[in-house]
Amino acid sequence: MMSATLVLGVALLTSLLSGPTVAFVPIGGGSSTHVSITGTALLQKVTETCRAVAEAAGHEFNPTGSSAEELVQACLGPTATGDVSGAKFKSALQEIYTQNGLVDRNFVNSAPHHFNSEAFAEGRGLIIEGLVAINANIREENFQAARETLGRVLHTLQDFYSHSNWVELGYTEPYINLIRMDLPLENLADFSTATCSDCASGKCPNPILPNILKEKKLTSGYMGIYSAAKPKGKCSHGGAGDLTSSAEPRGGISKDERRSDNVDFHNAAVKAATAASLQLLEDIRVAAGDNDFLTMMGIARSSVVCFVIDTTGSMSDDIEAARTAVYKIIDGKKGTQDEPSEYILVPFNDPEFGPMIRTTDPDKMKREISLLRANAGGDTPEMCLSGLQLALTGAPDSSDIYVFTDAVAKDIHLKDTIMALISSTKSTVSFFLTGSGRRRRSLRASSFEDYKNLALASGGQAIQVPKSQLPQATDIILDTSTSALVTVLQRARNPGKQETFPFMLDDSQKNIIIYITGQSISFTLTNPAGVMQNHNEASGKLGSINAVGNLWRIRLNDDNIKGTWKINIISNQPYTLKVTGQSTITFIYDFVERFGGPHPGYAVLSGHPQAGQPAILMLSVIGRKGSSSVTVGDVSLVTVSGPETVRNSTTTDMGNGDILVTVDAVPEGEFVVSLKGTDNVSGSGFQRQSTTQMSVSKVNIKAVADSSMQPGKTFNLPFSVMTQGSDGLYSISARNDKNFPMSKPPSLNLTTGQYANSSVTITPPANTPSGSDVTVTLDAKSSSGADSNYIVLRFSVVNKTTDFVRPVCEVVNVQADDCPHDLSKCKPFQWKLAATLSDGDGTGVANVSLRQGSGNLTTSLLSDPIIKANYTASCCSQIFELEAVDKFGNVGKCYHSIVRSAGPPTLPALLPLWLCLLVSAFVTWF
């Protein structure tokens, strides 16, 4: 727990290439935090990986600066020819930081999670369990689950160096045994062995007993939040929150904070924790491969495009329109920065839905969607929301999801779950509706209005068109499946009325499109110079206007857009308005809550913010040249529907574009986040808005994703519910996206201000693939239905691991005698190497790759008990390094050099397979 952990961290982007800086000003002063240590390691490893990928592809890796956008652009290389947003990369970093910091809240009294109280075996067990889950998640392409587990594992690993006496013993390198289950934890102090001397002041430079230092005995401080009891003679963690620090021997050995008495040890712990983080990340990178590692880190060209398609008998025309839209995206955007980074397809019928098909291969998506056929279905309502649930939980956060259907939802009972998933993922859902949407009497409240409400809540559109006109309406998919998409304004009016909506455009934007949905609408658009164009002018001075079904699409001309525009809409029918564009100036945000304890900080809220309290947000701004190229003006909460209410805020600049926002008076009903500021590159003002609507609640639900599930084993999930509203019976809903069997209480009787405890059980089937993830949504609703809240948790499902031994590589023959000593003459000559690989009694080698060397590597079948590897290279390429990964992600390495010049001796052909190549230059910061 490196100082007071602030859960949502700065990405350290301004220091990416020049060295680390402090991510936050910690509450305790100039200490390093988990965020700064994690950020330094992640950014260094991402940079190394991007450079390796670029070199392998034959192009240079030369970031033009240190911002997220510039790093992503350089990493993507020639495929990123236009504007590329760094938002996904920064969001991925924030997810890892968030889970890292939550360990201080959710497991504050758990010794293994922090290596307190000499819980070394248990702490290592958590790290190994997490590593197994991460590798399995990546193999199954469940990258969000991998990121969340990575954050928690890094926290525990880093705490070892702050909470143990590792650096006091004089060690400077990481303790590799913590990530190697096959290596023993050595020389641990016995339970009865005294380890510390008394320190009455609590600020002694090194209270470790001399015999412990001499014998190199490993110990850690005992931590007591509720009790001062500890074994006789043992060290304490120390600090105001540790009750054991007042019991002799007093004081503590924690290096969480940099104080005058522990500067050297704190700095040494930071160095070791950073090196250990890099070591763990390198193991994950090798097991995953460079491309999957970068995907996990959010390095991607553009957004994910996801289709949820009704395949019942009446949907032939709709399927053909969706197919045409997919082909347009693939054929029109392939090889550009707007090419989607992933395609997802979820078919649904009645009663079947799924499976979810996901691929990064555009040709595979073409094949999959070409196989869709309209059939069966029977009655009118279909399993639309079940398919949408799969899409929301399977697609990355902030994805664009398009639903095609001509029928109302049979599974309308999932609506609250869908609302919760929309809020949690911040994905945008748009519906293409080609039926009448008439309500079936046997289905309560099921109509197209439900789809419209879901679309509005997500910031999407609900487009109603005749089947014959659907191909014209799908142009909206081409608009939104693009890089660096931002929302400038979104409003809804029900009932409709005449109103003028101002919005500000800036120089960084292009491809500005205005969408209006509704019936019996007229409008007039006015630019900053006063030039006007009305709805009757299909092609005017300001742009082109197209109408299809209930959708108006206005595409502005790209010239002279800067300034404040106005659109006046006249209608007595409900309508929505949305203004979008392309720009790398954007923001990401989360609603957060403060938590206390020994290491206080901010935790991301999974559900609605609490009513009757100030709303707190952590907001990160991304500019054209990084956060420093943007000046933040106003941040406010704005209602989307009904009379417009704006609630301004107070802001605290946390540095590097991160803003802590406090809103004392939260608007009633649904609201979004609005940001106004100045683009320092052009000097023009800008306006941005979040898409996902949020509201407050008097209900609060607490639950923690603290471990993985196992196939075939029942998993118990405790949860607590409290209300600040009325006493009474609150219904409990619990669902998961994999339809795993679950049990739950139907309701809980709540007393105002008091938590009621219960639990949910979930049983993944025995045949669930290891590395799968399951998203669980819990919802509590008052008997009147007037108030509710939710929590969304993601769990990994992982087989119990028994294989912890890494593959073995042995170089058996080297033929390099022909290589000249003079390297200037090396080109005509070649050298050869033969090696054998095996995994012993393990699960078998899954992948073999060349890490260093530009020669040609061939292997026999990986299923062979002994794998033969042959390598041939030019004598100009003198280093060979091979990596072998088994089916559980254990990594073995093999190294050989034919360098004859003076220098370090060549490593032996047979290596201990835990050897990792580490970056040795670490910078200590204050």
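Helix 5 (residues 120–139) and helix 8 (residues 263–288) have axes that come within 10 Å and cross at roughly 30°. Helices here are DSSP runs of H or I with at least four residues, strands are runs of E with at least two, and both are numbered from the N terminus. The axes are lines fitted to C-alpha atoms, for helices over the stretch in contact, with angles running from 0 to 180 degrees between N-to-C directions. That crossing makes helix 5 roughly parallel to helix 8 (a label for angles under 35 degrees). It's a right-handed crossing, the near helix being turned clockwise from the far one by less than a right angle.

On the helix 5 side, the contact (heavy atoms within 4.5 Å) uses Ile 127, Leu 131, Ile 134, Asn 135 and Ile 138; helix 8 brings in Leu 280, Ile 284, Ala 287 and Ala 288. Sorted by class, that's eight nonpolar residues, one polar and no charged ones, with Ala, Leu and Ile among those counted as nonpolar.

All of this comes from a predicted model, where local features need pLDDT of at least 70, side-chain atom pairs count only at pLDDT 80 or more, and totals for chains, interfaces and linings use all residues. Residues are numbered from 1 along each chain as its sequence is written, and side-chain values use heavy atoms, leaving out hydrogens and water.

Then there's an open sheet of five strands, ordered 7-15-9-13-12 with antiparallel pairing (two strands pair if DSSP finds at least two bridges between them). Strand 7 (485–493) and strand 12 (543–548) sit at the edges with a single partner strand each, so one side of each has no neighbour in the sheet. Neighbouring strands are turned by 15° against each other on average, direction ignored. Strand 9 (residues 510–518) runs antiparallel to strand 15 (residues 575–582), and seven bridges join them. Tyr 515 stands opposite Lys 578 of strand 15.

Definitions and conventions. Parallel < 35°, antiparallel > 145°, perpendicular 65-115°, else oblique.
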